[in-house]
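Here are a few friendly notes to read alongside the model. Have a look at it first, then go through the points below.

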Amino acid sequence: MALRSLVESANVPGCDFPLEHLPWGRFERSSHPGEWHVGVAIGTKAFDLTEFARAGHCGALDPMLRDALHRGCMNALLALGRPAWSQARRWAQRLLSADEPALRDRADRDRFIASQDQLRMAMLAEVGDYTDFYASIHHATNVGSMFRPDNPLLPNWRHVPIGYHGRASTLVPSGTAVRRPCGQTSTADAGPPSFGPCRLLDYELEVGVVLGPGNEQGDRIDIASARDRLFGICLVNDWSARDVQKWEYVPLGPFTAKNFSTSVGAWVTPLEAIEAWMEPGPVRDAAAPENLPYLRWKDDFTFDLKLQVLLRSARMREQGVPAMQVSLGTYRDMYWTFAQMLAHHASTGCAMRPGDLLASGTVSGPTPDSRGCLLERTWRGTEPLSLPDGTQRKFLEDGDEVILRGWFEGKGSMPRIGLGECRGVVLPALV
Ligand code: CA
């Protein structure tokens with residue numbers, strides 16, 4: 001039996017944000033310009049917890065939690081850890097219930113319940129550091145086979161969660177347009193290079209995890225404690241300049257090919273909201289070696305998060321043609337887990353901090369229609385996609401809009417919940 005909310009749009013079957021979900025977001029309201037508030041999404045609305053705290057209605061909460069909400073400071077809330085997250089969630093869920101009069105019967109209810117289309121969304125937290133992994137064996141094998149047909153998966157891959165340190169300063173919330181970057185490229189492996197607009201612009205469908213309590217520099221994070229340090233998940237699009245990447249990635253990996261923009265879904269789903277979908281895993285094939293002890297955890301988990309990429313050209317928008325599905329996959333196909341990524345990241349004593357963002361790397365599955373970037377989906381442009389506007393795509397054109405969606409299908413008493421979307425339009429390069 002689904003929970004009923006006082007916000008009617010949350011009770012519509014199939015909506016992304018029913019009362020069981022309550023993802024967190026940070027936003028500016030037109031009634032409070034220049035202020036960032038935090039709150040939870042409910043149906044087509046948001047419950048402004050900062051405004052509720054400032055009105056003095058959060059007396060039931062622990063003082064530090066109340067203070068974090070009052071300040072609209074998500075990083076402070078993230079630092080408090082799982083008991084505080086859980087307390088805030090249960091409290092908000094009760095207040096938003098159709099049976100609970102405390103908020104429902106307030107004459108000034110609209111002060112605290114805002115329409116999402118009236119909000120200017122920010123990144124959930126101030127992200128100090130962002131790291132991108134490479135956790136899909138299908139993605140790693142596909143990309144490897146294009147560049148090294150005889151040796152697609154390097155020997156270290158099944159032992160170490162590969163990643164690179166990304167650029168936190170260019171993380172942008174969903175809806176922000178993405179400028180085609182300029183960069184250094186070369187058509188021949190030995191050069192000479194030239195500088196100009198990226199010609200092989202791509203997206204990467206990924207899932208991010210926002211971190212809670214971190215560790216002191218010099219300390220490691222035990223993988224068994226990872227669950228309490230992972231706050232929640234969100235959609236991530238790691239926009240990539242493939243021609244720049246191909247020329248620059250040797251020997252230190254991605255640099256400017258990935259540092260111009262990374263789009264992040266504005267609503268972050270707490271892990272507590274998806275416990276019904278967590279399953280032991282991941283399930284690996286017989287060739288998988290046993291991992292080193294610091295990457296092993298008997299309670300490690302994965303989940304069947306459906307992940308979809310849609311594409312809509314400028315012409316399709318003008319013609320009113322809906323976005324076309326480019327791929328559909330599931331997070332369950334990933335090889336490395338978020339717990340393993342976190343434990344590995346901190347295994348040297350690297351300090352992790354509340355609000356840090358880890359992204360999974362491109363989520364690709366075993367079939368062509370579950371490949372999470374155009375490089376794989378069009379197999380380096382050799383199998384172009386046909387769009388409903390009559391054009392073809394090997395890589396992204398100016399005006400193209402990429403829309404990522406993610407959702408969990410209904411399960412038992414839990415209704416379907418959705419991660420919302422992560423979208424961005426490609427703007428022409430500035431030359
Ligand atoms: Ca990536």
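Are aspartate 132 and aspartate 238 buried or exposed?

1. Both aspartate 132 and aspartate 238 are buried (under 20% relative accessible area with a 1.4 Å probe, protein chains only; exposed is over 50%, partly exposed in between). Please keep in mind that this is a predicted model, where local features need pLDDT of at least 70, side-chain atom pairs count only at pLDDT 80 or more, and totals for chains, interfaces and linings use all residues. Residues are numbered from 1 along each chain as its sequence is written, and side-chain values use heavy atoms, leaving out hydrogens and water.

2. Asp132 (OD), Glu204 (OE), Glu206 (OE) and Asp238 (OD) coordinate the calcium ion at 2.2 to 2.3 Å. Donors are N, O and S atoms within 2.8 Å of the metal (3.2 Å for Na, K and Ca); water is not among the atoms, so sites may look incomplete. Along the chain, the donor spacing reads D-x71-E-x1-E-x31-D. Aspartate 132 lies in strand β6 (residues 130-133) and aspartate 238 in the loop between β14 (230-237) and β15 (240-241), 106 residues apart. Strands (E, at least two residues) and helices (H or I, at least four) are DSSP runs, numbered from the N terminus.

3. An open sheet of five strands runs β4-β3-β2-β1-β5 with antiparallel pairing (strands pair if DSSP finds at least two bridges between them). β4 (113-115) and β5 (119-122) are at the edges with a single partner strand each, so one side of each has no neighbour in the sheet. Three bridges join β3 (residues 45-48) to β4, and phenylalanine 47 has isoleucine 113 in β4 as its bridge partner.

4. Valine 250 sits in the loop between α7 (242-248) and β16 (262-264). Valine 250 counts as exposed because its relative accessibility is 58%.
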